[in-house]
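Welcome to my notebook. I went through this structure one topic at a time and jotted down what I looked up.

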Amino acid sequence: MPMLQGFNTLRARSYSFRLPLFTRAMVVVMIAFWLAGLQSVWDIRQWGALIPDELTLTTMYRVNTFPLIHLNFFHALFNILALAPLLDRFETEFGTLTSLALFFGPLTTIPALVYIFLEKLILRGNTAVMGASIWVFLLLGAEAIRTFKTNPYLTIGTYHIPTWTTPLAMVLVVEALIPNTSFLGHLCGVGTGYLFGLGYLKFLSPPEKALRWIEGRLNLLGRLPHYISVDQKIYGRFGVLPTTTTTSSTTPLGLIGSTQRLASMPRLISAALALRRDPRLLKLPPYISLLCIVVGVIWLLMLPLDEYSRRTYISENALLPGQVHTYFGGSDQNVFRAYRHEVDALQNKTNMEVNDELEKIFKGIGVKVGRQNYTYHASGDTYTGENVYAILQAPRGDATEAIVLIAAWKNVKEEFNRNGLALALALTRYFKRWSLWSKDIILVVPPDSLAGPQAWVDAYHDAHDPSQVASLPIKSGALQGAIALDYAHEGRFESVHIVYDGVNGQLPNLDLINSVVNIANGQMGMGSALQGMRRHSQKYNDNLKTVLRGMLNQALGHAVGPHSSFIPYHVDAITLQPFGQGWHDEMGLGKLVEGMFRSLNNLLEKLHQSFFFYLLIHKHRFVSIGTYLPSAMLIAANFTIMAIALWIKSGYGEGDDSAGVVKQKDGKDIQTKIEGAKGEEMDGDVVVAAPTVEREVLLPLILVSGAQFIGVIPLFVFNHTPSKILTLVFCAFIGASAGIPHIVSNLLASSRHRPTAQQYRLIKSFSLLLLGMFLSTLATLNFSLAFIVGLLSAPLSFTRPWPGFMVARYANAGVLHALAPPAVLLVGSAVSGVGIEAVLQGAAFGWHVWGMYTPLVVWCIWWPAWLVGQLVVLGQPETRERKEKKA
């Protein structure tokens with residue numbers, strides 16, 4: 001019967017000090033090279049990386065140096081963690097001198113030369129590679145061949161998978177999950193490992209007789225610590241294993257080695273079972289939780305680096321942006337000026353009078369015209385207006401698809417969009433003359449940029465409320481895309497600002513933005529900008545600002561232009577805003593719109609091949625969801641980790657000593673033994689687990705459920721309170737929000753059934769579990785909102801009652817008050833220069849008109865979790881002495 005084994009912290013801590021000499025030297029050298037790469041005087045990566053075009057007779061050292069050099073800290077860290085145990089096993093088996101000769105000889109040179117041959121001569125590329133991952137996959141390939149000799153297949157259901165394919169599966173997983181990895185380089189490493197495992201490279205190993213002579217001559221065993229000689233090897237050389245049983249000297253290594261691994265399996269299972277009962281594990285979750293938060297933030301801060309982003313590209317080949325000649329211009333400029341003169345004459349007219357004149361213009365062009373009334377109510381205010389729109393039927397189409405051109409009467413800043421509307425009218429007249437359109441073109445002119453577009457697109461998809469929004473008298477086919485013109489700028493312009501954020505953080509297909517950048521920069525010669533970054537250096541600081549601005553807009557979830565209302569209906573839309581002082585005029589913007597419409601006209605189906613979830617670094621680089629999502633998931637995971645740990649801890653007795661006892665065999669106790677506890681032997685230690693107790697979950701469930709329920713109150717109040725008294729109501733709510741935890745805590749402390757320490761753990765556990773579940777789900781829909789709420793809620797993971805420590809209790813409560821949702825709203829409104837009344841009024845408008853769910857997240861997820869956290873901090877659990885006295 002194998003002896004039970006468990007997790008031994010001393011053995012784990014000393015593992016790094018027991019590494020053999022060559023393994024230890026490689027780890028130190030890799031760390032040294034990484035530290036040397038921090039300076040900017042000498043580019044060590046350029047010097048030592050394996051670059052096909054740089055490899056000559058004088059730079060052949062690169063075939064040996066490239067595994068020692070890494071791109072960054074995480075690249076080096078993960079490679080060292082993966083390589084150390086594999087290289088440790090290899091050196092223990094073959095010896096230090098053999099390992100040195102092989103890894104700075106054939107086991108590095110062969111995969112390097114194969115990679116150079118395939119990359120440069122076959123693929124005609126020049127991709128540089130570096131890092132010890134090629135050694136990792138080489139050793140995995142050799143080990144897979146050994147395993148295959150004794151255990152050829154891995155059986156999953158009715159399928160038999162060859163065990164030698166496991167390194168190839170790992171190569172595919174690494175390629176899919178980790179950006180900027182060399183798929184070809186890893187394959188070269190695995191292939192070399194296969195050859196070594198099969199014995200085809202055995203002849204390249206130095207002779208054993210020569211190794212013995214060198215060791216004896218230099219007395220390496222006596223001089224070098226952690227040195228492994230030929231005689232000290234645990235396994236026999238090249239497949240021969242010394243054993244005490246009667247075994248042939250030609251017994252394959254894989255056979256006996258596999259037997260030893262199978263024999264150790266019960267010990268591994270026993271260790272796993274014993275490990276989960278080790279009370280020392282309960283001390284780890286707070287540190288793991290903090291590590292998740294720190295890594296999540298660092299992960300986000302690394303995204304603006306070029307190593308973690310990708311260049312933008314056109315995925316939909318049918319778009320062909322910039323491949324057609326645009327003809328808008330010449331006499332069309334006179335048409336534009338005439339329309340602008342007519343629009344100027346309507347500037348002081350009412351919405352109905354403006355629409356009457358626009359209807360006449362549309363009919364004069366020869367297009368169908370429709371009008372639509374709408375009325376919205378939010379915060380005691382009424383938003384009413386009438387949209388007018390025109391449909392240009394495609395000469396080559398059947399009214400099954402359409403493209404939308406939006407020119408609101410006023411933009412989001414309430415500025416008169418005179419040039420935008422005049423240009424839209426001139427473009428409609430110009431489009432009417434062409435017979436190449438296969439999709440209908442719809443020109444929509446709403447009176448504003450926020451309510452009007454939402455009413456029109458809701459009615460177009462029959463998702464409107466007939467009591468507030470009228471139906472559309474005429475329609476066309478499915479909307480393929482929409483472009484809004486916000487041209488309140490006077491005079492010539494330098495660049496165009498692309499606004500792309502949608503309601504609730506939804507984004508258009510990346511191909512649409514890339515097409516605008518391609519046509520503007522390539523064909524039209526005009527600049528383009530994102531997120532208000534009019535001057536972008538494409539350096540880290542500007543990249544980070546662009547990311548943070550995009551995350552803020554996405555987290556707020558509000559409409560930033562007329563296009564925002566279209567995106568929730570899977571209609572890819574953007575707004576174009578000219579800015580700056582340059583040489584481009586309205587004809588240049590018109591040609592840009594014409595080029596975009598010509599590209600959208602080529603589509604056979606909606607844009608779907610490119611990304612819908614991304615963060616734009618600048619106009620030429622982006623980060624996909626697979627790269628940025630882990631940062632928010634790590635933040636959410638810290639709440640789940642703490643919730644599970646608290647649930648487990650609540651099943652043991654109360655008090656600081658309830659975590660358990662570790663009693664060593666020599667009789668010395670690390671902690672005081674608990675009476676009635678159970679003991680278990682773990683590799684020389686006796687772990688005495690704390691006695692289990694029944695969990696009292698009724699009160700925690702009532703408190704957490706009540707906190708979640710009362711979140712509906714501020715959600716309802718702030719969405720239905722008249723705007724005139726919103727500030728007063730918000731001030732009253734701040735006082736109530738700050739006082740509720742104190743009142744409830746005092747009521748619980750003075751009640752007959754005072755909550756115990758176990759119940760406070762359960763209260764915190766249930767609340768953090770809900771918060772982690774909500775945020776991890778939200779991260780897939782609105783990454784930025786989940787990340788920001790999770791980061792502001794991070795202190796809730798470390799809250800705890802402070803019985804007898806009044807200063808600590810109120811200091812902790814003060815920190816939570818500073819991070820309360822009302823306090824964050826006040827600080828945010830002050831920093832942005834917007835009054836709190838305008839913020840609440842905008843949130844209520846978004847809730848009623850756009851269906852914005854940001855208020856729901858704030859008041860029904862974040863605020864209840866904060867309430868429970870504050871209640872835990874102010875809690876005064878019933879002590880054991882008081883409980884025994886009552887009994």
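**Entry 1: the second largest pocket.** I started here, keeping in mind that this is a predicted model. I found 48 residues lining the second largest pocket, and His75, Ile178, Pro179, Asn180 and Thr181 are the ones nearest its centre. For its volume I noted about 1400 Å³.

Next I asked myself which helices each supply at least two residues of this lining. My list reads helix H3 (44-48), helix H5 (73-94), helix H7 (106-122), helix H8 (133-150), helix H9 (166-177), helix H10 (183-198), helix H14 (285-302) and helix H22 (625-649). I also sorted the lining by residue type and got 29 nonpolar, 14 polar and 5 charged.

Entry 2: As a reminder to myself, strands of a sheet pair through backbone hydrogen bonds.

I then checked how many bridges join S3 to S13 (residues 621-624). There are 2, and these strands run antiparallel. Arginine 310 has phenylalanine 622 in S13 as its bridge partner.

**Entry 3: the largest cavity.** S12 turned up again in my notes on the largest cavity, where S12 and helix H20 (540-556) each supply at least two lining residues. H20 gives the most, with 5 residues. I wrote down a volume of about 60 Å³ for this cavity. Its lining consists of Tyr500, Asp501, Leu507, Thr546, Val547, Gly550, Met551, Gln554, Tyr614, Leu615 and Leu616. By type, that lining divides into 7 nonpolar, 3 polar and 1 charged. My count of cavities of 30 Å³ or more is 6.

**Entry 4: serine 737.** I picked out serine 737, which lies in helix H25 (residues 726-750). Is serine 737 buried or exposed? It counts as buried, because its relative accessibility is 2%. Leaving aside neighbours within four places in sequence, I found serine 737 in contact with Pro822, Trp863, Trp866 and Leu867.

**Entry 5: the whole chain.** I finished by stepping back. The chain has 32 helices and 16 strands. Of its 887 residues, 50% are buried. Among contacts between residues at least 6 apart in sequence, 79% join residues at least 24 apart.

Key:
Residues numbered from 1 in each chain as written. Predicted model: local features only at pLDDT ≥ 70, side-chain atom pairs only at ≥ 80, totals over all residues. Heavy atoms only, no water. 1 Å grid on protein atoms, 1.4 Å probe; cavity = no way out; pocket = protein on both sides within 12 Å on 5 of 7 lines; lining within 4 Å. Points joined across faces, edges and corners; volume = space filled by probe spheres on them. Helix = DSSP H or I, 4+ residues; strand = E, 2+ residues; numbered from the N terminus. Nonpolar A, V, L, I, M, F, W, Y, C, P; charged D, E, K, R; others polar. Pairing = 2+ DSSP bridges. Buried < 20%, exposed > 50% of the residue type's maximum accessible area, 1.4 Å probe, protein only. Contact = heavy atoms within 4.5 Å.
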